[in-house]
Amino acid sequence: SSRTVRMAYTPQNVSSQIMGQHQSLGTRLWYRFYELCDRNDFYMCVIGTTVFTMAVFWCTNVFFMLLDVTGRPAVLQRYKVQPGKNSPLPVQQLKRVVLVGLRNQILVGVPFVTVLYYAMRWRGNTFHPAQLSSWQQGLLEMVVIVAFEEIGFYYLHSTTITHSGYHFPGFPSPEFHDFHHLKFNTNYGSLGIMDRLHGTDVMFRQSEARARHRVFFSLTPISQLVHEYDKGR
């Protein structure tokens, strides 16, 4: 039973053995967080995952929200992918977007993670540090996750950078997915693999946005760099 599994993992000698054998920073941090959650898998999986993902999501997006609502700092407005659109963003529209985001995270995200938790327990897994994967397995799982993310993003997409509306120096390009919001019938994926297979990226590949779709490190906006390059050809 789940109670038996937990008791098998929680004696002090087992915890000491884990901390003694695994000296990696990731393992130590995981163990500390596991202790913070009172060694309760439900707290760690459902509550911990929800709080962590929401904190990262909103702390990251608050920058873009303030940038759109206030228009400041003005120097960053030149990196906007679609200049003049939602500049400034009406506060009422922002409130509506925030409420939709919170509704999805709470009413959809929490039940979904709860189902995953019980599926995990049904398979006999726990969050105990003793069951942490090796870095090799973690790397393999990351590759698989990226593949599934591309497929899932193609049909149901939502990330921060791709929806920011800004193409900043040194950041991943949002041009590919921003073009989707510009035309709506193209560029449904994140990596572009599914779009190439389905032929839904033809319009994008023939547009100027394709030339801007790259990471750049100049303080000059990418749109200006592309225009200057075209003039020099």
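Author: Helices (H or I, at least four residues) and strands (E, at least two) are DSSP runs, numbered from the N terminus. The model is predicted, so local features need pLDDT of at least 70 and side-chain atom pairs count only at pLDDT 80 or more, whereas totals for chains, interfaces and linings use all residues. Residues are numbered from 1 along each chain as its sequence is written, and side-chain values use heavy atoms, with hydrogens and water left out.

I begin with the nonpolar patch. On the surface, Met142, Ile145, Val146, Leu191, Ile193 and Leu197 form this patch, with about 600 Å² of accessible area together. Patch residues have over 30% relative accessible area and no salt bridge; like charges are joined within 9 Å, and nonpolar side chains (Val, Leu, Ile, Met, Phe, Trp, Tyr) within 5 Å. A salt bridge places a side-chain nitrogen of Lys or Arg within 4 Å of a carboxyl oxygen of Asp or Glu. Areas come from the Shrake-Rupley method with a 1.4 Å probe, and for residues only the protein chains shown count as cover.

Helices α6 (135-155) and α8 (193-198) each supply at least two residues of the patch, and the largest share, 3 residues, comes from α6. Leu191, another member of the patch, lies in the loop between α7 (175-183) and α8.

Asp38, in the loop between α3 and α4, has phi near 60°, a positive value in a residue other than glycine. In the loop between α4 and α5 (91-122) one finds Pro73, which a cis peptide bond joins to Arg72, with omega of about 0°.
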